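The following exercises concern one protein structure.

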2 protein chains.
Amino acid sequence: MKSFSDYSALVDKAIKDINYPDGELASLYEPIQYAMSAGGKRLRPGLMLMSCEAFGGDASAAMDAACGIEMFHNFTLLHDDVMDNSDTRRGRPSVHAKWNTNSAILSGDTMLTLATRLISKVPDSRLRLILDIFNNMAIRVYEGQAMDMDFEKRDDITKEDYIRMIMDKTGALIGAAAQIGALIGGASEKEAQEMYEYGMMLGIAFQIQDDWLDVYGDAYTFGKPIGGDINNNKKTYLLLSAMECDPAQRKALVDAMALAPGETKVRIVTNIYDRLKISEISRKAVGHYSALATAALKRAGIPEENKELFRKLTDKLTGRKI
Amino acid sequence: MKSFSDYSALVDKAIKDINYPDGELASLYEPIQYAMSAGGKRLRPGLMLMSCEAFGGDASAAMDAACGIEMFHNFTLLHDDVMDNSDTRRGRPSVHAKWNTNSAILSGDTMLTLATRLISKVPDSRLRLILDIFNNMAIRVYEGQAMDMDFEKRDDITKEDYIRMIMDKTGALIGAAAQIGALIGGASEKEAQEMYEYGMMLGIAFQIQDDWLDVYGDAYTFGKPIGGDINNNKKTYLLLSAMECDPAQRKALVDAMALAPGETKVRIVTNIYDRLKISEISRKAVGHYSALATAALKRAGIPEENKELFRKLTDKLTGRKI
């Protein structure tokens with residue numbers, strides 16, 4: 001087996017080789033090509049290929065489905081950026097900022113159907129099972145996004161609500177990527193279910209790590225300006241953990257959230273986090289979900305020599321090797 | 001076999017019986033229930049059930065897929081209404097007007113996946129074929145919508161361009177409904193392909209009839225105010241036909257299009273249409289595509305006694321029985 005970055009590079013090449021119609025349909029397909037060429041870690045499709053080979057399959061058998069899962073992920077980004085009014089994505093203008101909202105909606109819709117078509121390019125014997133996993137995952141992602149938007153308007157969200165939301169919005173997709181890869185590679189349904197669990201737990205750990213990086217990372221490694229979540233009063237794992245402390249600190253946080261975005265606001269909130277040891281609490285949660293991911297991996301019955309690659313991926317995504 | 005309105009009523013009941021999650025996910029599913037309960041002719045799912053029984057199948061076998069095709073149709077309406085900034089739909093506020101744009105986007109996405117899931121509830125032996133037909137149809141619909149939006153900005157559109165666009169945007173979906181119904185009912189791939197052709201030609205005839213009704217119908221039967229397309233300078237079959245006449249009339253039309261929306265504008269454009277016999281030209285086109293639909297029906301090999309229902313449907317949709 002290869003390393004995660006080899007699988008990631010393989011799928012990156014396949015994605016760049018996708019041919020889109022041009023001519024009078026350029027207005028529909030150019031935003032798709034633009035979004036798909038933005039790069040990134042290719043976490044979901046890379047994990048799918050790795051999961052396929054871990055069970056004895058050949059990565060090439062999962063390549064279409066891997067491109068499909070990345071297409072689906074990028075479709076959600078196009079529509080999320082419209083809904084969240086985010087004008088940048090991976091350091092470039094987002095699709096609705098570069099073209100317009102209508103392009104982002106219609107090209108996004110097209111990507112969802114293209115994704116379904118790519119995901120369907122699996123052996124007949126596993127088509128229904130894989131299609132069901134994909135569609136059920138997609139519904140969870142929309143429900144997670146609906147919850148996320150709903151949470152913005154509420155002030156009674158707990159850490160538990162948050163975990164439930166990111167399980168749907170982030171975890172389900174990473175889980176399905178690992179599960180579908182395993183099934184294409186020849187895993188049993190039970191083994192593939194454990195790989196779903198691995199991806200789900202990895203996704204939760206990864207999201208909390210992402211929340212942590214927004215405050216405690218450095219802008220270069222993180223790829224985004226530090227403190228963005230704080231300035232947007234985003235209900236992250238860190239903020240919700242801090243809110244669960246004594247009422248005096250909660251009051252201080254609520255006051256800080258009322259401040260205008262800027263360095264002062266970021267510094268004040270970070271100071272409260274520091275006093276409450278929120279960094280340590282978050283790192284502990286990342287460790288907790290990483291351990292659950294590793295436990296699922298053990299149950300999945302992957303040959304010992306192949307497990308190491310998944311453990312390395314967990315470490316990489318949860319910052320132990322940064 | 002039953003009549004079209006019986007099939008339409010059957011599917012209407014099945015659609016009303018769909019259960020959606022509620023509670024904290026109400027914000028996601030209420031717009032879906034609202035859109036699906038708006039009624040309408042249920043043309044596409046009714047045609048699917050009728051096509052299924054015409055080949056000897058039982059309508060119940062196609063009920064899930066029929067609900068899926070109507071779910072897909074309504075998904076396109078939700079997103080189209082956002083893109084076209086249309087605040088009403090079937091006499092009620094459209095979803096983005098009643099809720100907001102984000103709801104229309106996310107609930108629409110959910111409907112596309114729910115549609116795919118419903119369409120997949122067909123026998124294993126026909127799953128891949130039906131799924132491919134559905135996905136390829138969906139891509140055509142998006143491409144048709146992209147062309148439609150593109151046409152708005154251009155002034156060199158011909159009647160031929162227009163037919164090509166409505167084949168994608170309107171015809172492909174009605175065609176796929178008939179084709180999938182036939183396949184579930186036991187038709188051969190070739191027979192089902194002819195039913196696709198029937199639906200495609202019916203769709204073109206229906207759209208031109210719809211364009212005609214906007215000018216020459218009455219508001220009650222049409223369900224929309226008369227002259228809406230004229231006031232929006234919409235490039236309909238009527239306008240494009242009129243544009244193909246001598247330069248003097250073209251100039252008069254272009255001048256009229258520059259007028260502010262209102263009764264005067266509608267009267268002036270209608271007068272030009274009358275002088276150019278655009279009503280007769282359009283009715284002739286409706287007749288032409290209806291005849292092509294009937295010819296496809298003959299080739300499809302439906303038992304003679306079942307063909308009559310499809311001919312009646314064609315007549316109903318193309319206004320010969322209004």
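**Exercise 1: Aromatic pairs**

Over all chains, the structure holds 18 aromatic pairs. The model is predicted; local features need pLDDT of at least 70, side-chain atom pairs count only at pLDDT 80 or more, and totals for chains, interfaces and linings use all residues. Residues are numbered from 1 along each chain as its sequence is written, chains are lettered from A and ligands numbered from 1 in the order in which they are written, and side-chain values use heavy atoms, with hydrogens and water left out.

Task: Classify the pair formed by A:Phe72 and A:Phe134.

Solution. 
Step 1. Rings of Phe, Tyr and Trp (its six-membered ring) pair if their centres lie within 6.5 Å; planes under 30 degrees apart are stacked, over 60 edge-to-face, and the rest tilted.
Step 2. The centres of A:Phe72 and A:Phe134 are 5.4 Å apart and their planes 75 degrees, which makes the pair edge-to-face.
Step 3. A:Phe72 lies in helix α4 (residues 63-84) and A:Phe134 in helix α7 (residues 124-152) of chain A, so the pair ties together parts 62 residues apart in sequence. Helices here are DSSP runs (H or I, at least four residues), numbered from the N terminus.

**Exercise 2: A salt bridge between chains**

Task: Locate the two partners of the salt bridge between A:Arg164 and B:Glu24.

Solution. 
Step 1. A salt bridge requires a side-chain nitrogen of Lys or Arg within 4 Å of a carboxyl oxygen of Asp or Glu.
Step 2. In this pair the closest N and O atoms are 2.7 Å apart.
Step 3. A:Arg164 belongs to helix α8 (residues 159-185) of chain A, whereas B:Glu24 sits in the loop between α1 (4-16) and α2 of chain B.

**Exercise 3: The interface**

Task: How many residues does each chain give to the contact?

Solution. 
Step 1. Contact means heavy atoms within 4.5 Å.
Step 2. Chain B gives 39 residues and chain A gives 39 residues.
Step 3. Together the chains bury about 3,600 Å², 61% of it on carbon and sulfur atoms; buried area is the accessible area (1.4 Å probe) lost on being put together, summed over both parts.

Key. Buried area is the accessible area (1.4 Å probe) that two parts lose on being put together, summed over both. Helices (H or I, at least four residues) and strands (E, at least two) are DSSP runs, numbered from the N terminus.
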